[in-house]
Amino acid sequence: MQSYEYLGKPLQIGSLTIKNRFCMAPIGGGQHHLPGGGLKDETIQYLVERAKGGFGLIFTGALAADCTVDPYTGIGPAILQNPDAFKMTATELNERANAYGTKIFAQITMGLGRNYPNLPAPSSVHVFRHPGEVSPELTHDQIKSKIESVIKAAKIAKDSGFAGVEVHSIHWGYLLDQFALSMMNHRTDEYGGSLENRLRAAKEILEGIKQECGSNYPVSMRLGLKTFVKDFEKATLTGEDEAGRTLEEGIQIAKLLESYGYDCLSVDTGTYDSFYYACPPMYMPKGYLVEMAAKAKEAVSIPILAGGRMNDPDIAEAAIRDGKIDAVVMGRAALADPEYPNKVLTGHTERIRPCIACNQGCITRLQQGKQPTCAVNPTAMREIRFAMRPAIQPKKVVVVGGGVAGMETARVAAMRGHKVSLYEKNDKLGGNLIPGGSHSFKKEVRELNAWYQDELSLLPVEVHTGETVTAKELKGMGADVIVLATGSVPIMPKVPGIDDAKVIGCMDAFAHPEKVGEKVIVIGGGLVGCEMALDYAQEGKKVTVVEALPKILSAGIPSPIPNGQMIPDLFEYHHVNVMEGHKLAAVENGKAVLECAGQKKELDADSIVIAVGFRPAPSMAQELAGCGAVVYEIGDGQQVSTILHAVWDGYEVGNNI
Ligand SMILES: Cc1cc2nc3c(=O)[nH]c(=O)nc-3n(C[C@H](O)[C@H](O)[C@H](O)COP(=O)(O)O)c2cc1C
Ligand code: SF4
């Protein structure tokens, strides 16, 4: 068993001892609160599950304090709006978490500012994703009032049993970050100008909390060490041309925060304008933050907790062992698997359900005003409503299709006590996880496939690979329930010359990368085509992406903001030629003939890879009608979508049959 000695060591924050180096990042949203104030039972259960799962320190999602200047920020009723309800529910949370030896810090926000429309900010600046809109400017009195609210809310948090508070935040471009960033703070009073002035609100908040809650009461600050922005709405992939916060300024801020009396810093990077540095997708390497965090650690003596794709136990262990950070802060990994720390510390890393950094089920849903949860763990943040229940009457369940939807159905149905057989026509389980996981940056998708296969091997599921079952055979199996999870097949455009030797379907290209030449045209700028293009470009190939719509990544399900921001920047970095508004009209003499606004042009390449979408595989549902079994059709076989929908369909059906 590999030992993660350093991750298991206690951590000291001021006078407070945390049992290990696993911190759960704040993952919040308005959905966490009762409409009249206080935490929902679901919120308490969601956090308690992570306490049980071994996190030594948990940060709550951001809690609003102020209910006068910003009457409603979208993250739930303010603590001060109904302090009694907050105290009652939060006390229960802390009592339950304490049973597992877990400490919880309440993360209290001063506000969100220009990240959302109509919310006041230090200065009138461009509102994120709202062209032409500027934020209203806070008056001096409003700033004072907001500072007071955070201090009062911290006292209520202390009285509710929280072991400490985290001030939200000089990160992600939220209100305190807007004060700190000269590009967003043009004030001429004592809250603008010099760095010390721009940090004045953070200082006054700290002083007030220490006065109200006692000098020993731990206070953390969430701090983005570098913003990676070139301008509003424009990230800098390489970190050059920084218009926001340089790492040097980030370190200076860390030192000042320490001098004010903050007890620890939870560091990360990015703002909404550079969302892929804030909520990094799979294209961002794990542990990308470690060297930046190490610079902060060198500069201060308070603990540095580091978050953002830190969910690789080897990277985390090494970073702590080498004195680069003091603890890891994990957000999405904790959604995907609440038991992450326990699995690491008991030597069962292979049983961790991996976060695939897709951003589909968590941040995107939060931004859409839906319940944030997780693509690979549909129970996340709704553990009570989605709890698995033992089957009262075990049934014979036959699942056809060993892709992710079929594997999830089989896993869940078998865990509940049903007798499950799973049939997959290919030699291996995984379905579209196999091609989908073939890119260099899709290691977690490969891990997810391996995780499913391990889990199935531990359950009494009869797995048949390399077996195609017909409707007739299915009818003879005496099943109570048949679940069809037969996935999707790629679409080939019906254009002249599509049989040309240079044309390769995306599935063929995934399975036989050696067939793809050095100069590649990818037809289709949806997510599949763009990821193929990116992978080829990262291998050093010369790549052109052709998209019929006016914009890449605009067909089908919209890309999460971080992923959608990062791919074009990576294309620019790797010199991928993007031809938007161009359609493949034909393939002639080994050349792609493209059409744009009635004009035709020819493009030469070694390979023309087709990635224009998928359609459901032919269904057996009609043939099975009247067979005596209940038939459900799930996943891509019903409607082509993402891993999220395949897993969720599988869980829904597996958990309720
Ligand atoms: C759904 C969702 C909600 C979040 N809410 C908060 C929040 O309330 N406060 C905060 O500081 N960060 C919040 N974050 C950011 C996370 O704490 C974390 O920084 C981010 O997920 C990147 O870290 P990871 O790679 O470990 O997930 C949120 C992230 C997600 C995905
Ligand atoms: S939805 Fe995707 S990114 Fe978010 S926690 Fe789940 S797997 Fe990770």
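**Around the ligands**

Tutor: Let's start with a contact: a backbone N or O atom of Gly 331 lies 2.8 Å from an oxygen atom of ligand 1. That's a polar contact, meaning a pair of N or O atoms within 3.5 Å. The protein covers 96% of the 610 Å² of accessible area that ligand 1 has on its own; such areas come from the Shrake-Rupley method with a 1.4 Å probe.

Before going on, some ground rules: this is a predicted model, where local features need pLDDT of at least 70 and side-chain atom pairs count only at pLDDT 80 or more, while totals for chains, interfaces and linings use all residues. Side-chain values use heavy atoms, with hydrogens and water left out, residues are numbered from 1 along each chain as its sequence is written, and chains are lettered from A and ligands numbered from 1 in the order in which they are written.

Back to ligand 1. A nitrogen atom of ligand 1 has a polar side-chain atom of Gln 107 at 2.8 Å, and a polar backbone atom of Arg 309 is 2.8 Å from one of the ligand's oxygen atoms. Arg 309 has a phi near 55°, which is positive although the residue isn't glycine. You'll find Arg 309 in the loop between strand E12 (304–307) and helix H10 (313–321); helices (H or I, at least four residues) and strands (E, at least two) are DSSP runs, numbered from the N terminus.

There are 23 residues around ligand 1, and those that come nearest are Pro 26, Ala 62, Gln 107, Gly 331 and Arg 332; "around" means having a heavy atom within 4 Å. By class, that shell has 13 nonpolar, seven polar and three charged residues, with Ala, Val, Leu, Ile, Met, Phe, Trp, Tyr, Cys and Pro as nonpolar, Asp, Glu, Lys and Arg as charged, and the others, Gly among them, as polar. Strand E13 (327–330) and helix H13 (363–367) each give the shell at least two residues.

Over residues 9–347 the chain is 35% helix and 15% strand, with the end C-alpha atoms 15 Å apart.

Note on methods:
Polar contact = N/O pair within 3.5 Å; in protein donor to acceptor, adjacent residues only side chain to side chain.
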